[in-house]
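These are my notebook entries on a structure that I went through piece by piece.

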Amino acid sequence: MKPKRPALSSPALPATAAAVVLLLPLTACGGDASAGGNGSTVTVTVGYQSRTINTVTAGTLLRSLGYFEKQLNSLNDGVTYKVDWQDYATGAPITAQMTAGKIDIGSMGDFPLLINAARGKQLGKPTRLVSVTGYNLRGGLNTIVVAPGSSLTSLKDLKGKKVSTSVGSAADGTLVRALQRTGLDPAEDIEKLNQQPAVGASALDAGSADALSQFVAWPGLLARQGKAKALYDGAQLDLPTFHGVTAAEDFAKKHPAVLEAFLKAQKQATDYLDAHPVAAAEKVAKATGLPAETVYLYNGAQGIATFDPAIKRQLVAALKEDVSVLKDAKLTGDVDVDAFVDDRYVKKALGQAEYTRRLAATPPKPAGEVWPKGARKTLAFPSPTALLRHLAGHGDEVRAAYVPDTTTGTLWFADQSVWVADGGELLPFVAPETARAYVAGHGGARVVTYAEALERAS
């Protein structure tokens, strides 16, 4: 049985202040998709988060491929369509723009989606969850990291420390649940810093924060840059987390063909990512400035995120559990999740048979990968030991190497993983605590350095 989801601790900003910030309209221009008729021009405004890279099939990658514009052109309804892509750092300003009638379609994480639903209803601008982008059924999209030289090696070490997160995000939920499971009170035992991801990353680097709990792609980015190491793998919670697409209800009703065109384009982008994961990572890297190696960690063939537009029952169930979390944090009131979820449009876009197939599909079994320099494809390995053996002999030829956590399956960089030697096996872990737990349950097993793991494998 899954554990009951605990409440978020009180945010650094008062709940009322957070709500005001969320609802403040921005100065960017909005769409005019209410226009219509032969000979008219319709602007469809799409809000997305370019650097939140498990939304790329509804944002960064979709935009770079031009699929939405092509789908709109194929409507042949006498209307000239223009797409206004608006890039944001988080979901909150997208919600503010949607409730102001200035964004028609947006993508954001599961907790922000619920806030989107609540604010839309509150302000008479209801929205609907119409598809999913990237998801992880165990929660591996969120990670708690510390500075590379930090002496902190477990969640219990966070007592009395400053921890940066974005209040109301799934990463905040991961922090709170993880602390409570280990016996710490998130409201009393840590000092929570309510910060945007980039600000939190800077705070960690400057030493003004002892730890950072954030969503994709920040933990992997900081680890790749040598600015952080993992303290806690969110997949240890075994609770689904995901990002999805929300649409203004009045827009969906007035322009169902346009929304269907968007979802068909999202499906095309998803298929492209699945068929060309390396090329997709390079496209996203070029558009965002993120290292392609970090993008691939999350969006690759064995990446932490699985991409599928279908709205799976596990994800809807997770949303329902999340409502009480946000209510306790005074960030929302009641949210009718069943009314918010509307899969009619994506079902039509994919077709009933295809949608049913995708609902039943499961993520691929985690496996290690090596990305050779100059290659357009990665190499897969049957075991971490085999991957290490390859690295030992071809280290100078490798762009990046990835291994799945032995316990959770979360992919991580091989050289940033915690390695355990157990007889003839070499086993990787994202965080030191899970490695120690494995060692405690397996006589003779011990933690080794990455260099020693390479030497043992060679």
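**Loop residues**

I began with G226, which I found in the loop between α8 (218–224) and β9; helices (H or I, at least four residues) and strands (E, at least two) are DSSP runs, numbered from the N terminus. I was working on a predicted model, where local features need pLDDT of at least 70, side-chain atom pairs count only at pLDDT 80 or more, and totals for chains, interfaces and linings use all residues. Residues are numbered from 1 along each chain as its sequence is written, and side-chain values use heavy atoms, with hydrogens and water left out.

Is G226 buried, exposed or partly exposed? I noted a relative accessible area of 44%, so G226 is partly exposed; buried means under 20% relative accessible area, exposed over 50%, and partly exposed in between (1.4 Å probe, protein chains only). I also looked up the C-alpha atoms of G226 and N142, which are separated by 18 Å and are 84 residues apart along the chain.

Next I turned to V167, whose place is in the loop between β6 and α6. V167 counts as buried because its relative accessibility is 18%. Between the C-alpha atoms of V167 and V430, which are 263 residues apart along the chain, I noted a separation of 24 Å.

**Backbone angles**

I reminded myself that most residues other than glycine have a negative phi, and that most peptide bonds are trans. Against that background I wrote down N76, a residue other than glycine with a positive phi near 50°, in the loop between α3 (67–73) and β2 (80–87). N76 is exposed, its relative accessible area being 68%. D238 is not a glycine either, yet has a positive phi of about 55°; D238 lies in the loop between β9 and β10 (241–248) and is partly exposed at a relative accessible area of 32%. I then found that the peptide bond from V216 to A217 is cis, with omega near 5°, and that A217 sits in the loop between β8 and α8.

**The five-stranded sheet**

I traced an open sheet of five strands in the order β7-β6-β8-β5-β9, with mixed pairing; two strands pair if DSSP finds at least two bridges between them. Because β7 (191–194) and β9 (229–233) stand at the edges, each with a single partner strand, one side of each is left without a neighbour in the sheet. Strand β6 (residues 162–165) pairs with β7 in the parallel sense over four bridges, and the bridge partner of S164 in β7 is L193.

**Two crossing helices**

At what angle do the axes of α11 and α12 cross? The axes of helix α11 (residues 277–288) and helix α12 (residues 292–299) come within 8 Å and cross at roughly 125°; axes are lines fitted to C-alpha atoms, for helices over the stretch in contact, and angles run from 0 to 180 degrees between N-to-C directions. That makes α11 oblique to α12, since angles under 35 degrees count as roughly parallel, over 145 as roughly antiparallel, 65 to 115 as roughly perpendicular and the rest as oblique. For the contact itself (heavy atoms within 4.5 Å), I listed P277, V278, A281, E282, V284 and A285 in α11, which meet A292, V295 and Y296 in α12.
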